Structures are given as C-alpha cells and as structure tokens.
Amino acid sequence: MAGIVVCGGGVCGLLTAMLLAGDGHEVTVVERDPAEPCEPGDAWDDWERRGVNQFRLPHFLLPRFNAVARKELPTVVAGLEEAGAHAFNFFGPMRDLVPDGARFDVLTARRPVVESVVARAAAGTKGVTVLRGTAVKRLLTSRGSGDVPRVVGVETESGTTIAADLVVVAAGRRSALATWLVEAGARPPVTEAEDSGFVYYGRHVRSADGQPMVPGPTLTTHGSISLIALPADHGTCGIGIIGSSGDTALRRLRDEGPWTAVMRALPLGPQLLEAEAISPLVAMAAIEDRWNRFVVDGRPVATGVVAVADAWAATNPTLGRGITLGTLHAIALRDTIREVGLDPGAVALRFDERTQDEFTPWYRSTIWHDRNRVADCKTAIAGVDPRPRPDPRWADYLKLQRLATADLALAARTAASGGVLEERPEEILADPDVQAKLASFDEPVPPAAGPDRAGLLALVGA
C-alpha cells in the first residue's frame, strides 16, 4: 500500500493517520512540537502544545463526533471513556422522547485530555509512525502535468527527506501550505480570510464534588457579550466571556477583577464562580476565519498534496464544529482514496469536489453566524441597529431559537443542526413549515438577562 505523510500531529492529523492506516497505508506523521504526550490523567498539568493556541481554552466535542468515532475510531472512544470523559445527552431525561435520541449523546473532555487520548490511540495503531520535534521545511516535487507540480514528499528543517505517494497537510489554522506551494512553483490557492470579530476571555474550573456544573453546553447572549460554559471531564468546565474584538472598553476583561465582576452579574456566573479555578485567565483574540481552495479554474494548483480540517478552512470556535468537521473531512479523504485510488490528479479533483459539496457550505454557514452576531454586538454597543443588516434572516433565526424552547420537534431539529450537523440553520429557515410557525409566533423578545451596556461598562471600570 501507499506511503503517506501527514503534516501535523494534532487531533485531526492523528485521526487522519489512523483512518488511512486502517486501510493498510503506511502513514508517517510529522509534528513540530517536540513534547511527548502525557498520560490523559497528567495531560492537563504536564503537557504543553505550543502550536495550539486554544490548548487550555474551553473545548467541546459535538454529538456527531461521538457517533462517527464509535463507528470509525473505537479505540479513541474507549480511551476517552477510560480517561473519564463526560458523557451526557443534549436532551437529558427527555432523550427517549426525541426521535433517534441517541444521536444527541455526547462524549467530551478538556482539549489536553482529548489530545492525549488520541495520541495514545495513534501510537497503538499499526501503520502509524509519529515523528515529534520534526518541522517541515518544504514540499518535494517532480515535474507534473503542464505547470502543475506533483508533490512527492517533504523535506524537514533538519534536511531529512521523506518520500510519499500523498502528503496530507493537517497543520491547523496556521498551516504554511500556501507558502510551500508557491515556493514549489505552484499557483497560489484561492484564499478568503477575515477577522471573525470575536475575542474570548476564559479559563477552566472544577466543581468541588466532581459533578457537572451545567447540564450541557451553554451559550447565552447578553447584549454585547456572550457567556459560554462547556462541561468536560471530572467535573471540569470551560467558561468564558465572548465579546467583540472591536469593543476596546472590554479589554479590561483580561484582568481578574473586571472579569469576575462581569461573570457575577450574569445568570450562571455566581454558580460557576463557586468552582475552583484550575487555569489562569486567558484571552484569545485575532481569530481569523480562513478558507482555501486548491483547485483553481478546474485544475489543481498541485497534485499529490491535500489539506484537511483547519489547514483547509478554519473558523471562530464558538459553535464548536472544528474537530467534528475535521474528522468528517478526514473520513471524506479516506473514502476518496478508496474511490479513485492514489492517482494524484484524481485525488486532488475528487477531494476538492467533495469538500466543496459537503464542507464549504458549513464554513459559509459559520461565517453567516459570525457576521450577524457581530452586528448584534455593534447594535448593543452603539445603541442603534446597523444598516444594512448582514442578513434579514437573522431575525428569524433568533426567533427560531426562542420557538424551539416550546416545540420539541423544532428543538430536535435545531439541536441536530448545531450538534449533529444534519442541516444548516439557513436550510431550516427555508422550510415552508418552519416559516409558517415563525409567522404565527408573535411573543415579544424578552429583555436580555444581565447588566445593560451602561452597567457592563461600570463593572469593567470603563
């Protein structure tokens, strides 16, 4: 079978390697970070992943990940369960009242625990070799078809060359693939990039009794800010305040005093502040939404190389889709190779086709969400509605969220959109039956809980 190089040893890179090795391919993973993974129980305290900005920020695995991992990657599921990952269902005790309620089962943990479990599973997978402390310098190429170079391997910073029938780049949102391609004589890929418009101020906490502090993932909006609380393993919870990156007055939330004052004024805040802080307060800003396409005008910019997960497209993590979509993307690559073999041109074209059909719409949907939520933040900050709005459907989307709290069928449908990735919110809103329900729903918008804008500014001392 083929020799494949995967650039990037994070969660999605290792999952890609395991999926490909499962088909008999010999896979070498090259990972820049030199630190060897710890056992899952020690990973939070003892493992540093300098290449992962969000390593200790709030983290969540969607129900769809649980479902596909149980089918495709059972050793990962077994490892998460052994490591004490938090298991629950989106609908709690109402699970059996929802059609196919098991699809909303969740198994999630803090990011270091997840990375450790996946690293251990990859280390035990036949056909997977992981080289840590190994950085890729450039792509190795041979003459391809016309002006399209063919990638045949990689050269590391130490000068070692690794030949490959296929190079898979899974190096995250800061992947250097576009630069490597241009240096190799390829045309640049099509790239779209914009600031997501958000900044996170958060940490992890642990309950005194080891029990979950919130029944499930919580994302609530409070004017110009949002509160996020994501339960994880062993009674831990990732919590944070999300604001607009343009809201300079809220930069004081980097400090303990203002952050605690605002948390205490939010509905769930006092409960979450009772827990023990197990990480320092961290801010994550300059979060870019970025999308790449490596087929231009019907031709690959290069063959023998593909990008998966965040190296293909990366978005603001508020909606928690990253690892789940990345895993589905890796499965699509595995299935593409099953379909067309390892012909470099066929892989490039067919994988691009699948990516455009199955995954780019979810990227566009996330951008749609971000732009409209940023507009809401601007409204709360300025006190006036921006004109024009990014999309008039956003008002219906917000109404849909309220209506779903009293309509089990809609609740299941919106949960399937957010957690199972069955259909995008825009598709739900286009349904005539949903439109009819929204038209007859005339309950007034409840006032936002928590402090108003003036109160928020007073709490941060601005």
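Trainee: How many residues lie between S13 and S14 in the hairpin they form?

Mentor: In this predicted model, strands S13 and S14 form a hairpin with 4 residues between them. His-234, in the turn, has a positive phi of about 55 degrees.

Trainee: How many bridges join S13 to S14, and in which sense do the two strands run, parallel or antiparallel?

Mentor: Strands of a sheet pair through backbone hydrogen bonds, in either a parallel or an antiparallel manner. Here S13 and S14 run antiparallel and are joined by 7 bridges.

Trainee: How many residues of S14 are buried?

Mentor: Of the 9 residues of S14, 9 are buried, so the strand is largely enclosed by the rest of the structure.

Trainee: Where is Gly-210 found, and which residues beyond its sequence neighbours is it in contact with?

Mentor: Gly-210 is found in the loop between S11 and strand S12 (218-222). Leaving aside neighbours within four places in sequence, Gly-210 is in contact with His-234, the residue in the hairpin turn, and with Gly-235. Its relative accessibility is 32%, so Gly-210 counts as partly exposed. The C-alpha atoms of Gly-210 and Ala-249 are separated by 36 Å, the two residues being 39 apart along the chain.

Trainee: Which residues of helix H7 are buried, and what do they pack against?

Mentor: Helix H7 spans residues 256-265, and its buried residues are Pro-258, Trp-259, Val-262 and Met-263. These cover an arc of only 130 degrees around the axis, which puts them on the same side of H7. They pack against strands S11 (198-206), S13 (225-231) and S14 (236-244), and also against helices H8 (269-273) and H15 (453-460).

Trainee: Which residues of the largest nonpolar core touch the most other members?

Mentor: That core has 92 residues, and those touching the most other members are Cys-7, Val-76, Leu-80, Val-167, Val-168, Leu-177 and Leu-181. Helix H1 (residues 11-21) gives the most to this core, with 9 residues. Apart from it lies another core, of 22 residues, which includes Trp-259 and Met-263 together with Leu-227 and Leu-281. Both Trp-259 and Met-263 are among the buried residues of H7.

Trainee: With which residues is Leu-177 in contact, leaving aside its neighbours within four places in sequence?

Mentor: On that basis, Leu-177 is in contact with Leu-139, Val-169, Phe-294, Val-305 and Ala-307.

Trainee: What is the strand order in the open sheet of 5 strands?

Mentor: The order is S5-S2-S1-S9-S20, with parallel pairing. Strands S5 (128-132) and S20 (305-307) stand at the edges with a single partner strand each, so one side of each is left without a neighbour in the sheet. From one strand to the next, the twist averages 20 degrees. S2 (residues 26-31) and S5 run parallel and are joined by 5 bridges; the bridge partner of Val-29 in S5 is Val-130.

Trainee: Which strands form the open sheet with antiparallel pairing, and which helix lies across them?

Mentor: That sheet has 3 strands in the order S10-S17-S21. Its edges are S10 (190-195) and S21 (313-314); each has a single partner strand, so one side of each is left without a neighbour in the sheet. S10 is joined to S17 (residues 288-293) by 6 antiparallel bridges, and Asp-195 stands opposite Glu-288 in S17. Helix H10 (residues 344-382) lies across S10, S17 and S21, running at about 160 degrees to S17.

Trainee: At what angle do helices H11 and H14 pack?

Mentor: Two packed helices are described by the angle between their axes and the distance between those axes. For H11 (residues 393-404) and H14 (residues 432-440), the angle is about 80 degrees and the axes are 10 Å apart. The two helices are therefore roughly perpendicular to each other. Asp-396, Lys-399, Leu-400 and Leu-403 of H11 make the contact with Val-434, Gln-435, Lys-437 and Leu-438 of H14.

Trainee: Is Arg-103 buried or exposed?

Mentor: Arg-103 is buried, with a relative accessible area of 19%, the cut-off being under 20%. Arg-103 is found in the loop between S3 (86-89) and S4 (105-108). Not counting residues up to four places away in sequence, Arg-103 touches Pro-63, Ala-412, Ala-416, Val-420 and Glu-422.

Conventions: Residues numbered from 1 in each chain as written. Predicted model: local features only at pLDDT ≥ 70, side-chain atom pairs only at ≥ 80, totals over all residues. Heavy atoms only, no water. Core = buried A, V, L, I, M, F, W, Y, C linked by side-chain atoms within 4.5 Å. Buried < 20%, exposed > 50% of the residue type's maximum accessible area, 1.4 Å probe, protein only. Contact = heavy atoms within 4.5 Å. Pairing = 2+ DSSP bridges. Axes fitted to C-alpha atoms, helices over the stretch in contact; angles between N-to-C directions. Arc of directions from axis to C-beta. Parallel < 35°, antiparallel > 145°, perpendicular 65-115°, else oblique.
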